[in-house]
Amino acid sequence: MYLDFEILSSARFFKALTDLVDHAKKRVYIITYNFSLTRYTWDIVYGLVAKAKENVDVKVILNGASSKALKQNRKLGSYMNKLGFKNVVYTSKFLHTKLYVIDDYVITGSHNLAREVGVDISLLIRSKKLADKLLEVVLNSLKGYVYAQSIRGTIDGVPYEVVLNTSVITKFFEIAKEARDYIKILMYLASLSKVTKKFYMLLREKADENVDIFVLLNGTEDMCLRYNRPVWEYMRNLGLETMLSKIPVHAKLLVTETMTLIGSHNLTSSSIAGRVELSVAFRNAEMSEALSYFFDNVWKTNLAKTAKRNALS
């Protein structure tokens with residue numbers, strides 16, 4: 001089963017999106033939590049304006065329910081309005097999704113349109129079928145539609161599942177339970193709650209089954225540390241291989257030898273209630289292998305930084 005995908009790390013994401021916008025023929029949908037005017041986004045802004053003037057269907061949908069993002073989003077919208085672009089919409093619901101649809105391509109993952117973060121990760125996939133489905137689901141969710149069942153399908157023979165707030169924790173458990181080789185988690189934010197503690201206990205059980213467990217949490221922001229340090233301590237007490245990253249991590253990734261879950265969901269209770277979030281699960285060994293390799297490089301970088309810091313102390 002071959003799936004046409006590319007892993008987009010921090011810098012590559014902005015270049016890829018800029019190129020896709022510049023070559024768009026039919027549609028460009030930007031749906032994201034935060035779109036700021038920065039040196040990383042200027043070319044995208046001008047590309048969107050130019051494509052709209054070429055009668056490409058261009059829409060920008062931004063979070064309008066958070067004061068933290070709203071100020072930057074409205075500044076972006078005001079600037080684009082001055083350039084003649086009128087299709088910036090601010091949501092009434094809390095939008096944390098990161099979805100970019102350009103013609104038959106879709107990008108989804110953890111990237112906002114703001115600045116380059118140390119470790120951000122998204123997938124670029126060429127599939128009109130997937131692009132159409134993800135766009136449909138997010139637009140319906142913004143209108144208030146609640147999906148009672150998981151949305152499943154296949155692209156090029158690869159099974160996928162659209163994971164929304166009602167099913168994300170269930171999917172975390174399902175993926176971890178079937179793992180036989182490894183479970184690797186890269187997360188911006190995690191918390192200690194009744195349901196997440198059950199998940200961490202499941203990781204302990206999988207470790208007892210000789211499944212390798214690696215958990216890397218963002219350790220570079222005070223807000224994140226308030227949540228992530230207690231989780232780190234809890235997992236360490238369970239005997240799990242856990243690290244607080246020395247480099248900024250904004251990724252939201254769970255990968256095993258056969259499954260990948262990637263998107264906007266953090267491992268917190270707020271990610272499963274009251275927000276419009278989007279993650280996608282793929283059953284594809286090739287994708288798992290590629291993302292496992294990506295994770296390993298981030299893990300090794302943190303080990304090297306820790307060793308250097310210990311040598312200097």
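Which residues in α5 meet which residues in α6? In this predicted model, where local features need pLDDT of at least 70, side-chain atom pairs count only at pLDDT 80 or more, and totals for chains, interfaces and linings use all residues, Ile 169, Phe 172, Phe 173, Ala 176 and Lys 177 in α5 meet Val 195, Lys 198, Phe 199, Leu 202, Leu 203 and Lys 206 in α6. Residues are numbered from 1 along each chain as its sequence is written, and side-chain values use heavy atoms, with hydrogens and water left out. Contact means heavy atoms within 4.5 Å. By class, the contact of α5 with α6 holds eight nonpolar, no polar and three charged residues (Ala, Val, Leu, Ile, Met, Phe, Trp, Tyr, Cys and Pro count as nonpolar, Asp, Glu, Lys and Arg as charged, and the others, Gly among them, as polar).

Two packed helices are described by the angle between their axes and the distance between the axes. For α5 and α6 the angle is about 5° and the axes are 10 Å apart, which makes α5 roughly parallel to α6. Axes are lines fitted to C-alpha atoms, for helices over the stretch in contact, and angles run from 0 to 180 degrees between N-to-C directions. Angles under 35 degrees count as roughly parallel, over 145 as roughly antiparallel, 65 to 115 as roughly perpendicular and the rest as oblique. Helices (H or I, at least four residues) and strands (E, at least two) are DSSP runs, numbered from the N terminus.

Helix α6 (residues 194–208) also packs with α7, at an angle of about 35° and with the axes 10 Å apart. The crossing of α6 and α7 is right-handed; a crossing is left-handed if the near helix is turned anticlockwise from the far one by less than a right angle, and right-handed if clockwise. Here Lys 197, Tyr 200, Met 201 and Leu 203 in α6 meet Val 231, Tyr 234 and Met 235 in α7. These contact residues comprise six nonpolar, no polar and one charged.

Helix α1 (residues 10–22) packs with helix α2 (residues 42–53) at an angle of about 15°, the axes lying 9 Å apart. α1 is therefore roughly parallel to α2, and the crossing of the two is left-handed. From α1, Phe 14, Leu 17, Thr 18, Val 21 and Asp 22 meet Asp 43, Ile 44, Gly 47, Leu 48 and Lys 51 in α2. The contact contains five nonpolar, two polar and three charged residues.

Pockets and cavities were located on a 1 Å grid over the protein atoms alone: a cavity is a set of points where a 1.4 Å probe fits but cannot get out, a pocket is an open set with protein on both sides within 12 Å along at least five of seven lines, and lining residues have an atom within 4 Å of a point. Grid points are joined across faces, edges and corners, and a volume is the space filled by probe spheres set on the points.

The largest pocket has a volume of about 760 Å³. Of its 29 lining residues, Tyr 33, Lys 68, Asn 112, Tyr 188 and His 250 are the closest to its centre. Two or more lining residues come from each of α3 (67–82) and α7 (222–237), with α3 giving the largest share, three residues. The lining has eleven nonpolar, twelve polar and six charged residues.

The second largest pocket holds about 270 Å³. Among its 13 lining residues, Ser 141, Tyr 145, Val 146, Asn 165 and Arg 275 are the closest to its centre.

One cavity of 30 Å³ or more is counted, and the largest cavity has a volume of about 40 Å³. Residues including Val 168, Phe 172, Lys 252 and Ser 279 line this cavity. α5 (168–178), β14 (252–256) and β15 (259–263) are the elements giving two or more residues to the lining.
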